[in-house]
Amino acid sequence: QVQLVESGGGLVQAGGSLRLSCAASGRTVSNAAMAWFRQAPGKEREFVVRIDRTASTYYADSVKGRFTLSRDNSKNTVYLQMNSLKVEDTAVYYCAFQKVNVVGLATLPEHYLNWGQGTQVTVSS
């Protein structure tokens, strides 16, 4: 059974930093494409960043230069380092595996599966 567990969220002031973790079980992160999404209250789930099998990353414009995705294959975990946080980054953050039948750059929620329960990030002004 594939499971993803996000952690690391919390309350931080604008300009601060957080590091989110996404621990996987039942599937290896090193040979999978994965992504982080976020969802703010009343809004649709929004793409944040994707990593592919070669560790190539693609960021949404809204987080480019501030967020960094990395992967630790030995821990079967991906991380999202978030710096220079803004109030508009407030959301529940989710990680997911890309569906194997989806090719190319996948930035829609329907391209992914095995969603974790999410971790809340709240940025105060």
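In what sense do strand 7 and strand 8 pair, and over how many bridges? The two strands pair in the antiparallel sense, over six bridges. The model on display is a predicted one, and the tour below begins at this pair.

**Stop 1**

Select strand 7, residues 67–72, together with strand 8, residues 77–82. Within this pair, arginine 71 stands opposite valine 78 of strand 8.

Strand 3 runs antiparallel to strand 8, and six bridges join them. Leucine 20 may be highlighted here, for it stands opposite leucine 80 in strand 8.

The bridge partner of leucine 4 is alanine 24 in strand 3.

The selection now shows an open sheet of four strands in the order 1-3-8-7, with antiparallel pairing. Strand 1 and strand 7 are the edge strands, each pairing on one side only. From one strand to the next, the twist averages 15°. In a regular strand, the side chains alternate between the two faces of the sheet.

**Stop 1: the disulfide**

The link is right-handed, with 80° about the S-S bond. Both cysteine 22 and cysteine 95 are buried. A search of the whole structure finds one disulfide.

**Stop 2: the nonpolar core**

Select Met34, Trp36, Val48, Phe67, Leu80, Met82 and Tyr93. Of the 36 residues in the largest nonpolar core, these touch the most other members. Two or more residues come from each of strand 3, strand 4 (34–39), strand 5 (46–51), strand 7, strand 8, strand 9 and strand 11 (119–124). Strand 9 gives the most to this core, with five residues.

Now centre the view on leucine 80. Residues up to four places away in sequence aside, leucine 80 touches several residues, among them Leu18, Leu20, Trp36, Val48, Phe67, Leu69 and Tyr93.

**Stop 3: the salt-bridge network**

Which residues are linked in a network of salt bridges? Select Arg38, Glu46, Arg66 and Asp89, which are linked in this way. The structure holds four salt bridges.

Start with glutamate 46 and arginine 38, which form a salt bridge whose closest N and O atoms are 2.8 Å apart. Glutamate 46 is partly exposed, with a relative accessible area of 34%, whereas arginine 38 is buried, at 5%.

Move on to aspartate 89, whose side chain meets that of arginine 38 in a salt bridge (2.8 Å, N to O). This pair links distant parts of the chain: aspartate 89 lies in the loop between strand 8 and strand 9, and arginine 38 in strand 4, 51 residues apart.

End at arginine 66, whose side chain meets that of aspartate 89 in a salt bridge (2.7 Å, N to O). Because arginine 66 lies in the loop between strand 6 (57–59) and strand 7, while aspartate 89 lies in the loop between strand 8 and strand 9, the pair ties together parts that are 23 residues apart in sequence. Arginine 66 is buried, with a relative accessible area of 10%, and aspartate 89 is also buried, with a value of 0%.

Conventions:
Residues numbered from 1 in each chain as written. Predicted model: local features only at pLDDT ≥ 70, side-chain atom pairs only at ≥ 80, totals over all residues. Heavy atoms only, no water. Disulfide = S-S within 2.5 Å. Buried < 20%, exposed > 50% of the residue type's maximum accessible area, 1.4 Å probe, protein only. Pairing = 2+ DSSP bridges. Axes fitted to C-alpha atoms, helices over the stretch in contact; angles between N-to-C directions. Core = buried A, V, L, I, M, F, W, Y, C linked by side-chain atoms within 4.5 Å. Contact = heavy atoms within 4.5 Å.
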